[in-house]
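Please consider the sequence and model below, which the following paragraphs examine part by part.

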Amino acid sequence: MNILLVGSGGREHALAWKIAQSPLCKRLVCAPGNPGMEALAELRDVKAVDADGLAALAREIKADLVVVGPESALEKGLADRLAAAGIPCFGPTAKAAQLETSKAFSKNFLERHDIPTAGYGVYERLKDARAALDVFKPPYVIKADGLAAGKGVAISPDRADAEAEIERMLGGRFGAAGARVVIEEFMAGEEGSLFALCDGQRAVLLGGAQDHKRAYDGDLGPNTGGMGAYSPAPVFTPDLVEQADERIVQPTIRAMAAEGMPYRGVLYAGLMATEDGPKVVEFNARFGDPECQVLMMRIAGDITPYLLACACGDVSALPPLEFHPQTVICVVLAAKGYPDSPLEGSIIRGASQDFGPDVQVFHAGTRKREDGQLVAAGGRVLNVCARGDDIQQARERAYAAIKKIDWPGGFHRSDIGWRALERDEAQEG
């Protein structure tokens, strides 16, 4: 098969690493890709938001499958263009991707189909949004309606902070993505990410992970796109997974098909484990980042037949995916100043060394200078992932690898996986 993989981040590097191992993959092209993917695939300089250019590239290389990494390509309608050209695409149409690209659409959809989620309201005018705070209790959850690179969510402890966040969002902080805001009731509980592979009519669960959104240790600081993740996530007990599948995943796929928007690709359900069972925090229309990285390292078998089945077949007809029994952890190395104003251009040394069979370093925001030096070119720059027999061993391996990377311009959290570690320690106690 000729396969085109769209994107340039750590998620796409992990997908390229996994797809390249498939005996079905004859030719892998990544657009635009990053320096970490150079050894795995051909790189073509077509941006993820250039849907027309990507469709043309897929035709040029006679792609048998296009795998879409970032949500921006889905919002631009890449899957629609590929469908018109008869090219199978792992990723939903622009209409189906509204489950992620519009929080207002998603919340209305969930309410319409009685799928459990937090109470909410959608507002376009500052006056209306402020008045709506009378209905909700602190802490207030404020979300930009559109795509904001994982940063368009604020949890405000009091009304003054909530009003300031609303004013910033509606005032243009996130551009068009903040033209509407969604205010939600706060849900108490532990959050995790559950993934399902979908072919438009059916969905099969892939697995779960838990990420860390805050920038600094102790879950402090601003929200980010994710500073680390681990899988499996102990929050996903067998009972919780069964409830989530029956009450959330399967009803969502059935309802999307019934409304004329069959969903193909991976459905990321961000869930809160509440006293009343799992509830939807948000949907994403693609693999999470950095959750994708830990999932790809856990999968023992070939992922490619499942990607193809989602695009043009029956995913339930395939045998269950095989997984390594170990725990996998991912620690994100970010540029200083992230998420608000990350510093670019700092030199990174030692990222390509051999860290051993249980460690992989995925590039998330890097570029090569003309002199061959690897430098930071984004907010989240490297993903250091490690397998271990338990969360403690995986953590030790990941942080040991980080110490071998020479990058003064970066920072990372030192407590990734703390919830799972606390559970293990409590059980031992």
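Strand β20 is joined by 3 bridges to β21 (residues 374–376), and the two run antiparallel; two strands count as paired if DSSP finds at least two bridges between them. K368 stands opposite L374 in β21. Helices (H or I, at least four residues) and strands (E, at least two) are DSSP runs, numbered from the N terminus.

The model is predicted: local features need pLDDT of at least 70 and side-chain atom pairs count only at pLDDT 80 or more, while totals for chains, interfaces and linings use all residues. Residues are numbered from 1 along each chain as its sequence is written, and side-chain values use heavy atoms, with hydrogens and water left out.

The second largest pocket holds about 450 Å³ of space. A pocket, on a 1 Å grid over the protein atoms alone, is an open set of points where a 1.4 Å probe fits, with protein on both sides within 12 Å along at least five of seven lines; lining residues have an atom within 4 Å of a point. The volume is the space filled by probe spheres set on the points. Of the 24 lining residues, A351, S352, Q353, V361 and H363 are the closest to the centre. Two or more residues each come from α1 (10–19) and β19 (359–363), and β19 gives the most, with 5 residues.

The structure also holds 6 aromatic pairs, defined for rings of Phe, Tyr and Trp (its six-membered ring) with centres within 6.5 Å; planes under 30 degrees apart count as stacked, over 60 as edge-to-face and the rest as tilted. The rings of W17 and F362 have centres 5.7 Å apart and planes at 70 degrees, so the pair is edge-to-face. This pair links helix α1 to strand β19, across 345 residues. Both W17 and F362 are buried, that is, under 20% relative accessible area with a 1.4 Å probe and protein chains only (exposed is over 50%, partly exposed in between).

For F195 and Y268, the centres lie 4.9 Å apart and the planes at 80 degrees, so this pair is edge-to-face. F195 lies in β10 (residues 190–199) and Y268 in β15 (residues 264–274), 73 residues apart. F90, F195, Y268 and F287 form one aromatic cluster.
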